[in-house]
Amino acid sequence: MKFKSGLLALLILCSIGSQSMAETLHTYRVYSDDFESSAAYEAFVKGHPGVTFQSYQNDYSFPNVAAETFDLLEKNDFNFDLFSIDTTLYDCQWFMSSGLCADLSESEILQQALGRMHGPVRDRLMYDGKIYGIPSHISFNGLCWVAETWAAAGLTQLDVPTSYAELLDFLEKWAARVKETPEPNIRVFAYFDEGLYNIGSYTRFLTEILLDCYTIQCEYAGEIPTFDTPAFRELLTRTKAVGNALFETEPYVEEGKKTLLNNDPGWLMEAVPTYMIPARLTADQPLLIKGVMDIHLAGAQSEHKDLAMQYLEAAADYLGQRTHILAYMDSEDNDIVSPQWLKTYQQNGDVLYFPGPGPFPVRTGAHWKMRLLIQSFSIDEIHADTLILELDKLVESNK
């Protein structure tokens with residue numbers, strides 16, 4: 001199926017190549033693979049030798065990347081043939097419903113491609129039953145348990161938390177255990193800056209996970225987060241106590257320590273879904289594994305809509321190897337993952353969830369304020385009541 005759809009895409013590209021001489025596609029990329037540096041581009045230009053690309057590169061170091069994009073929109077300067085957005089920065093559903101994106105549903109190649117994708121991936125590329133985009137990159141963001149260290153500590157899969165509340169249960173027991181019987185070569189988590197490590201480090205780390213789990217579940221349920229609730233307050237109070245206990249009982253952070261937990265994006269792919277701790281507060285909530293996706297789209301006002309669509313048709317069959325594996329249900333064995341991993345992933349792909357920016361979008365003022373509040377809470381500059389109050393204010397101001 002992959003070969004046939006790829007051949008069809010190339011035949012279409014070649015057949016109309018002579019019609020696309022001296023055309024320029026204007027592209028806008030935001031923290032994603034450039035349109036001119038991919039296998040899809042190579043396939044596209046073979047059929048369109050006269051087409052050039054003029055790229056506007058959003059400066060990702062800009063304090064508020066999304067603000068720059070929306071500034072272009074307000075000035076009516078967002079006139080791109082192809083552009084890329086990322087689920088952590090932008091509300092993809094808003095873009096697709098706003099009239100900025102071209103409806104690509106007429107493409108049989110894209111229809112076939114999305115039909116082969118895992119449901120959660122496909123859902124993020126569509127709105128109101130229409131196709132609008134193709135993934136350019138998929139990755140995971142979350143917390144996983146490290147099987148090797150788990151075994152070294154005498155733990156089994158029965159000890160693995162399946163929610164944030166269960167994570168606190170486990171950490172409370174672990175802190176009590178290492179207080180009585182120290183584990184000098186094992187830490188819960190080791191990816192702290194040695195020079196900045198202090199009593200607030202674990203509290204800060206865990207509180208950010210708590211907020212992530214809470215806001216993701218709220219978005220999935222279609223609810224606006226409200227932090228001033230008894231359940232959230234209880235988990236926040238426990239988080240502070242657990243963070244302090246881990247700092248007091250664990251060996252000092254330094255290189256060479258084995259870790260029970262890991263959130264390194266480079267390692268997460270092998271961990272999904274077997275070793276991931278779901279993004280949920282309690283075990284009775286939906287089981288969700290947090291994903292991140294960059295999406296290529298075509299501009300609705302493009303004067304070269306057909307060319308833009310043909311580029312995306314090529315992109316659908318020339319995804320990066322990792323993204324291809326994560327997007328398509330029928331991906332085949334390769335040298336990146338083991339056959340067993342691939343089988344397990346394909347059986348569990350529907351637990352993926354690609355949340356939007358949420359109430360504290362990364363690289364925005366709200367995000368930095370949220371992190372500063374957590375930092376202050378972690379070192380006792382503010383109490384839980386103040387943190388909850390200020391978080392609710394941030395949510396209200398960003399509606």
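## Where helix 10 meets helix 16

In helix 10, Phe232, Arg233 and Leu236 make contact with Ala384, Asp385, Leu387 and Ile388 of helix 16. Sorted by class, the residues of this contact are five nonpolar, two charged and no polar. As you explore them, keep in mind that this is a predicted model.

How do the two helices sit against each other? Two packed helices are described by the angle between their axes and the distance between the axes. Helix 10 covers residues 230-249 and helix 16 covers residues 384-397; they pack at about 130°, and their axes are 10 Å apart. Helix 10 passes helix 16 in a right-handed crossing.

## Helix 2 and helix 12

Now let's turn to another pair. Helix 2 (residues 39-47) and helix 12 (residues 305-317) have axes that come within 8 Å and cross at roughly 130°. Helix 2 and helix 12 are therefore oblique to each other, and helix 2 passes helix 12 in a right-handed crossing.

Which residues do the touching here? From helix 2 come Ala40, Tyr41 and Phe44, and they meet Leu307, Gln310, Tyr311, Ala314 and Ala315 of helix 12. This contact has seven nonpolar residues, one polar residue and no charged ones.

## A threonine in helix 13

Next, find Thr323 in helix 13, which spans residues 321-327. Is Thr323 buried or exposed? Its relative accessibility is 3%, and because buried means under 20%, Thr323 counts as buried.

What does Thr323 touch, apart from its neighbours within four places in sequence? Thr323 is in contact with Pro135, Ser136, His137 and Ile138.

## Cysteines and disulfides

A disulfide is a covalent bond between the sulfur atoms of two cysteines. How many disulfides does the structure hold? The count is zero. Take Cys101, which is in no disulfide: the nearest cysteine sulfur belongs to Cys92 and is 8.8 Å away. To count as a disulfide, the two sulfur atoms would have to be within 2.5 Å.

Cys101 has a relative accessible area of 6%, so Cys101 is buried. Cys218 also deserves a look: its relative accessibility is 4%, so Cys218 counts as buried.

Note on methods. Residues numbered from 1 in each chain as written. Predicted model: local features only at pLDDT ≥ 70, side-chain atom pairs only at ≥ 80, totals over all residues. Heavy atoms only, no water. Axes fitted to C-alpha atoms, helices over the stretch in contact; angles between N-to-C directions. Helix = DSSP H or I, 4+ residues; strand = E, 2+ residues; numbered from the N terminus. Left-handed = near helix turned anticlockwise from the far one by under 90°. Contact = heavy atoms within 4.5 Å. Nonpolar A, V, L, I, M, F, W, Y, C, P; charged D, E, K, R; others polar. Buried < 20%, exposed > 50% of the residue type's maximum accessible area, 1.4 Å probe, protein only. Parallel < 35°, antiparallel > 145°, perpendicular 65-115°, else oblique.
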